[in-house]
Amino acid sequence: MRIILASQSPRRKELLSLIVPKFEIMVSNQEETLNDKLSVEEQVTEIAYTKAKNVFDRTEGDRIVIGSDTIVTKNGKIYGKPKNRNHAKEMIKELITGDKVHEIITGLSILVEEKGKLKEYKTYDTVKVYLKDISDEEIERWLDTGNAMDKAAAYGIQNEFCVHVEKIEGNYTSALGLPIHKVYDILKSVQSGSFLFGTF
């Protein structure tokens, strides 16, 4: 069975490689747009679906297409990628204001076509992130790494910023952008998971 990851994210590629020995990467060219009439969970799930569907519609035959999207939110506000260094600093300061807790919500959509039959899976996973106090000097040091500008909410839990994370509640892979435990369960149900590492 052909497996396609609809993402160019190196983190998602690395995570999927933990359970799938061979897969392709095909980037979705679907424009990401938020619909504020939907809940954050519905929005991120819908974006993941449109990513997967875009790649699915450009391919043929028996295949599995995996799409994912991640949103960072606190008190109803959605944090995208920062526009500049000052914007990144503002984001981090907001995240450590008050209870210092925010959520990472990752949507997942998997489309499967086998022998002309289509199955669609849509789900999401939520992780709570608890930050520590972060001084202005520490924020500036983080921004100096150059790793903040391409990250939602101006940080990545998997790099130098990890020292400022007190704890997380939820699955770590969801915080990285691909809930691999949910991917595993869905793929395991397809063809008895014969293309996954291990035997089922």
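Modeller: Accessible areas come from the Shrake-Rupley method with a 1.4 Å probe, and for residues only the protein chains shown count as cover; here the accessible surface of the protein comes to about 10300 Å², of which 46% belongs to carbon and sulfur atoms. This is a predicted model, in which local features need pLDDT of at least 70 and side-chain atom pairs count only at pLDDT 80 or more, while totals for chains, interfaces and linings use all residues. Residues are numbered from 1 along each chain as its sequence is written, and side-chain values use heavy atoms, with hydrogens and water left out.

Colleague: What percentage of the 200 residues do buried residues make up?

Modeller: Buried means under 20% relative accessible area, exposed over 50%, and partly exposed in between (1.4 Å probe, protein chains only); by that rule, 46% of the 200 residues in the protein are buried.

Colleague: Which residues are buried in helix α6, and why do they line one face of the helix?

Modeller: Helices (H or I, at least four residues) and strands (E, at least two) are DSSP runs, numbered from the N terminus. In α6, which covers residues 180–189, the buried residues are Ile180, Val183, Ile186 and Leu187. Seen down the axis of α6, they fall within an arc of 125° and so line one face, the arc being that of the directions from the helix axis to the C-beta atoms.

Colleague: What covers the buried residues of α6?

Modeller: Contact means heavy atoms within 4.5 Å, and the cover includes α1 (10–17), β3 (63–74), β5 (101–114), β6 (117–131) and α5 (172–176).

Colleague: How many helices and strands are there in the protein?

Modeller: The protein has 6 helices and 7 strands.
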